Structures are given as C-alpha cells and as structure tokens.
Amino acid sequence: MNKRSLILAMMFSSLFGGIVAVVGFSIISPKETIIQSTSGEANPVSLTNYVFDSADFIVPDGLNFVFAAKNATNSVVHIRTTYQNGMRANSPFNDFFKDYFGERYERRGGESRGAGSGVVISPDGFIVTNNHVVENADEIEVVLNDNRSYQAKVVGVDENTDLAVLKVDENNLVPIRYGDSDQINIGEWVLAIGNPYEFRSTVTAGIISAKGRNINILNGNYKIESFIQTDAAVNPGNSGGALVNLRGELIGINTAIASPSGAFAGYSFAVPVSLVKKVVSDLVEYGTVQRALLGISIYDVNAQVAEQNNLSVLKGIYVNGVMEGKAADRAGIERGDVIVAIDDKAVNNVAQLQEQVAVKRPGDEVEVKFIRDGREKFVIAKLRNEEGTLDIVELASEYRIEGATFADVSDELKEQLAIDGGVQVTELGDGKWRDVRMKEGFIITGIDNEKINSIRDLEIYFNRTRTDGILIEGVYPDGSKAHYGLGL
C-alpha cells in the first residue's frame with residue numbers, strides 16, 4: 001500500500017470510529033423526554049382545581065429510580081395515631097394476608113399508639129391513606145418529609161376500599177401527581193414509598209406482578225378488591241403510602257402484604273389510583289362514596305364453568321342473576337350472559353369488572369360487551385345507586401344515640417353565635433342525655449376537648465369504643481354556654 005492510500009485508510013478509519021462513538025453514546029447515554037401537561041391542573045379532589053407549575057415535566061428515559069423518588073418522596077407523609085384506653089383499630093385483614101399498619105408502639109397506661117403512611121393530594125392539606133391506618137383513632141398527627149407536623153381531621157372513610165381522606169390546616173404542601181393505573185403493564189418497574197418500622201421516607205423498587213387481584217381481605221357490603229400486586233418490599237408502617245411509576249406519579253395506595261409472619265415475604269398489594277381518585281373525590285365533595293351498581297350476581301368463568309354452562313369462552317364474568325329493575329335488567333342483560341368488557345376495557349374476572357364500575361357514579365352510562373349464545377353483543381347500561389335510583393346519595397343529616405337525635409347546625413345559627421360548627425340536639429327522649437338535664441336546642445361544639453363541627457365528627461367520635469364518661473361542651477341558641485358530664 002502506497003503512502004497516499006495508507007493516509008486515506010487511516011482518515012476513513014478515524015471518521016468511522018468517530019461516527020460509531022457518537023451513535024453509541026447517543027444510545028447508551030441518558031436521554032430526556034419532555035412530557036407536556038395535558039390539563040395544567042393537579043388532582044381534582046374537590047370543587048377547587050389546583051394548578052401545577054406551568055414548567056414542562058421533564059422525565060429521563062430509561063431506568064431512572066432517582067428521578068421518580070425525588071418527584072414523589074416529598075408528597076408522602078408519616079402518620080402517627082393515638083388511641084385511648086388501649087383501643088385497637090379493627091383490622092380488615094385475615095391471618096394470612098396481614099395488614100401492615102404495624103403493631104401499636106409505645107403503650108403508656110391506657111394509651112396506645114400506631115403508625116402508617118399517607119399521600120398529599122392537594123396543596124391545601126388533603127391527604128389520602130388507608131382506613132385501617134386511622135380507624136377509631138383519637139388523635140391523628142401528620143409529619144411531612146421536612147419534619148413539619150400537623151394535627152389532622154378525618155374528612156371521610158370508606159371501608160369498602162380501605163381508603164380514608166384526612167385534612168390538615170396548611171396551604172403550601174407538595175401534592176403528588178396522579179398517574180394512570182389502567183395503563184400500567186405487568187413487568188413495569190415501580191417504587192413503594194412509605195415509613196416502614198418508623199424508618200421515614202423509605203423507597204423500595206419492584207415490578208408490577210399482576211393486576212386485578214382479589215385477595216378477600218376487606219369488609220363492607222360493597223367491597224371492591226382489584227389490587228395491583230407488586231414485589232416491591234413493604235413492611236409494617238407502609239400502609240397508606242405511595243406506589244409510583246418511574247415518572248414519580250401515583251398509581252396506587254399500598255394497602256396489604258401476603259405474609260405468614262407480618263413482615264414482607266415477596267408480594268404486596270395496592271389500591272389502583274383510578275379507584276383512589278373516585279373515592280377521594282366523593283368523600284371530599286359529598287362526605288360519602290357514591291356507589292354505582294349494575295345490579296347483577298356474578299362469578300369468574302373458568303374451564304369448569306364453561307363446560308357446565310356450554311359457554312364458548314374460557315374467561316370473563318358469568319352473569320348468574322339479574323336484579324329486577326336495576327341497571328343490567330333495564331339494559332337487557334340476562335342470566336347466562338358472559339361479560340367480557342366494560343367501556344371497551346377487557347374484564348377477565350370479577351375484580352376487574354368491579355373496578356371499572358366502581359369508578360362511576362349513579363347516572364353514568366357504561367357500554368357492556370358480553371357473549372350470548374356464542375355471539376358478541378353490546379348494550380348501554382345506566383348505572384344506579386343502592387336504592388335503584390339515579391340520585392346522588394347525601395351524607396346522613398341526622399344522628400341518633402341513646403334516645404337523642406342530632407343534626408348539623410344551620411349556617412344562620414353559626415353566624416349568629418360566631419361558631420365554626422357543631423351539632424344541635426333536635427329531640428330528647430328517655431335516656432342518659434335527658435338524665436343530665438340537657439335541653440333540646442343545645443349545640444355541642446366539643447367533647448373531651450375535641451372539636452365537634454358536624455354530624456360526621458360526632459359519628460366518628462361515638463364509633464370508638466369507650467368505657468368511661470365524657471365531658472360535653474357547647475352553647476344554647478340564646479348564647480348561654482353549658483357543660484355536661486355524660487357516663488357511658
């Protein structure tokens with residue numbers, strides 16, 4: 001090879017090597033994708049819409065746990081609960097699928113304490129957690145990741161999904177971003193963030209192991225179990241914490257683990273965010289969850305069911321009965337039909353169907369795809385509430401206990417007496433309340449130094465098990481204040 005050819009060969013080799021290096025670097029180096037906000041709004045948990053920073057949400061491509069952890073950790077809180085008289089919450093979990101709220105720590109006399117996690121969902125202090133984390137608690141303390149601490153009030157609870165909404169008096173919290181649990185895939189990486197064993201802001205990683213899991217642990221007449229199953233390590237104290245995707249977006253609320261010992265043994269379960277958003281919105285707006293029902297009795301299709309009923313499919317939901325006058329009946333669904341999709345989303349088991357219906361409200365319509373006599377059919381069903389109507393169910397406006405009836409105080413009376421709230425005695429029959437010489441019209445504003453602003457507050461207070469007396473304070477419509485001691 002002459003000198004000129006050698007020089008040209010070396011130049012070509014250098015140029016080719018440079019191109020390879022640039023291309024290779026572009027393949028293996030971290031890239032960034034700009035995710036534009038689709039709405040410019042944060043989580044619609046109440047009638048107010050909270051606006052995120054207008055800056056673009058920049059997400060690195062690839063396996064970036066650091067980004068996800070940084071974007072979610074400040075929205076996960078530590079929850080401490082106090083129980084008088086050693087009272088323990090009634091756990092909804094059986095002996096195998098343990099709740100991992102953790103044992104009450106630090107007993108002092110008749111007092112016991114507990115711990116769990118929660119997730120900030122709005123800047124003005126709304127927090128979602130598990131019902132079993134705060135159930136029957138006398139005091140609830142929320143500690144932020146930056147160590148700020150607040151006393152929290154219960155806005156509402158739902159034992160059917162094991163969710164609860166708390167409220168703290170603050171306007172500058174960091175809310176988590178909602179993700180889309182319908183779009184997550186089995187095998188996708190996720191992070192669990194919470195406070196196991198009092199280790200604050202712990203982050204663990206795993207993958208989505210399964211979706212639509214029913215593990216039969218919840219109470220309630222209309223319990224909804226369609227859990228996301230993961231292998232991210234969670235332990236006592238993680239309950240109510242966040243399960244997030246690699247964008248740091250909330251896709252579930254960690255709720256339970258499969259463990260014979262109570263410690264992590266490989267599987268954990270989270271309520272999907274699609275259901276969390278619906279329950280939170282209902283509790284904030286209405287104080288109670290709006291149940292939308294098809295009005296059918298159902299069970300999963302398998303090989304045995306298919307053979308017994310001469311079905312042409314091996315998966316889906318077999319309709320074993322249709323309630324007269326309810327949504328399915330009015331839409332034309334019949335016993336023997338096999339439901340395979342709701343609103344074009346495949347439902348392969350009862351848990352998946354329940355989740356798709358549970359995110360709706362009475363009056364909403366769903367498209368139901370089903371198999372009848374080997375043929376696909378579609379109908380539109382207008383969902384109804386427990387009473388079979390299309391109405392929104394209001395929170396109870398009265399509360400009765402031991403001969404006394406209570407109602408929320410009118411806005412007019414609150415303004416007249418300069419009080420934030422309270423419950424008024426509207427009727428007194430025979431019983432302890434009359435025995436202490438309380439009179440009708442009395443407005444309860446506090447019990448044992450705990451504020452009572454509504455019927456919901458009173459109901460939560462008396463749902464706790466108590467063995468001793470209580471001190472009731474309040475005011476009459478004429479402005480005169482009074483205190484009463486009531487034995488329980």
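Visitor: Glycine 179 first: is it buried or exposed?

Guide: In this predicted model, glycine 179 has 10% relative accessibility, so it counts as buried, the cut-off being under 20%. You'll find glycine 179 in the loop between strand 11 (177–178) and strand 12.

Visitor: What is glycine 179 in contact with, leaving aside its neighbours within four places in sequence?

Guide: Its contacts there are Glu249, Leu250, Ile251, Val273 and Lys277. Look at isoleucine 251 in particular: 72 residues along the chain separate it from glycine 179, yet their C-alpha atoms are 5.2 Å apart.

Visitor: Okay, now the nonpolar core. How should I read one, and how many residues has the largest here?

Guide: The general idea is that in soluble globular proteins, nonpolar side chains tend to be buried together. Here the largest nonpolar core has 34 residues, and Val128, Leu250 and Val276 have the most contacts inside it. Several elements supply at least two residues each, including helix 2 (65–72), strand 6 (126–130), strand 16 (249–258) and helix 4 (273–286). Helix 4 gives the largest share, six residues. Apart from this core lies another, of 23 residues, with Leu428, Trp433, Ile452 and Ile470 among them.

Visitor: Which residues does valine 276 touch, leaving aside its neighbours within four places in sequence?

Guide: Valine 276 is in contact with Val128, Leu163, Ile253 and Val271.

Visitor: Let's stay on helix 4. What span should I expect for its 14 residues?

Guide: At 1.5 Å a residue, the helix should span 20 Å, and its end C-alpha atoms are 19 Å apart, so the two agree. As for cover, 11 of the 14 residues in helix 4 are buried. Among them are Val273, Leu275, Val276 and Val279, but also Ser274, Lys278 and Asp282.

Visitor: Good, salt bridges then. How many does a search of the whole structure find?

Guide: The idea behind them is that side chains of opposite charge can pair when their charged atoms come close. The search finds 15 salt bridges in this structure. One of them joins glutamate 285 and arginine 361, at 3.7 Å from N to O. That pair links distant parts of the chain, 76 residues apart: glutamate 285 is in helix 4, while arginine 361 is in the loop between helix 7 (350–358) and strand 22 (365–372). Glutamate 285 is partly exposed, at 34% relative accessible area.

Visitor: Where does lysine 360 find its partner, aspartate 343?

Guide: Aspartate 343 and lysine 360 form a salt bridge whose closest N and O atoms are 3.3 Å apart. Aspartate 343 is in the loop between strand 20 (338–342) and strand 21 (345–346), and lysine 360 is in the loop between helix 7 and strand 22. Then try arginine 148 with glutamate 170, a salt bridge at 3.7 Å between the closest N and O atoms. Arginine 148 is partly exposed at 32%, whereas glutamate 170, at 16% relative accessibility, counts as buried.

Visitor: And aromatics? How many aromatic pairs turn up in the whole structure?

Guide: For these you look at the distance between ring centres and the angle between planes, and over 60 degrees counts as edge-to-face. The search finds eight pairs. Phenylalanine 442 and tyrosine 484 are an edge-to-face pair, 5.2 Å centre to centre with 85° between the planes. Phenylalanine 442 is in the loop between helix 9 (432–435) and strand 27 (443–447) and tyrosine 484 is in strand 30 (residues 481–486), so this pair ties together parts 42 residues apart in sequence. Both phenylalanine 442 and tyrosine 484 are buried. There's also one aromatic cluster made of Phe406, Trp433, Tyr461 and Phe462.

Note on methods
Residues numbered from 1 in each chain as written. Predicted model: local features only at pLDDT ≥ 70, side-chain atom pairs only at ≥ 80, totals over all residues. Heavy atoms only, no water. Core = buried A, V, L, I, M, F, W, Y, C linked by side-chain atoms within 4.5 Å. Buried < 20%, exposed > 50% of the residue type's maximum accessible area, 1.4 Å probe, protein only. Helix = DSSP H or I, 4+ residues; strand = E, 2+ residues; numbered from the N terminus. Contact = heavy atoms within 4.5 Å. Phe/Tyr/Trp six-rings, centres within 6.5 Å; stacked < 30°, edge-to-face > 60°. Expected span 1.5 Å × (residues − 1). Salt bridge = Lys/Arg side-chain N within 4 Å of Asp/Glu carboxyl O.
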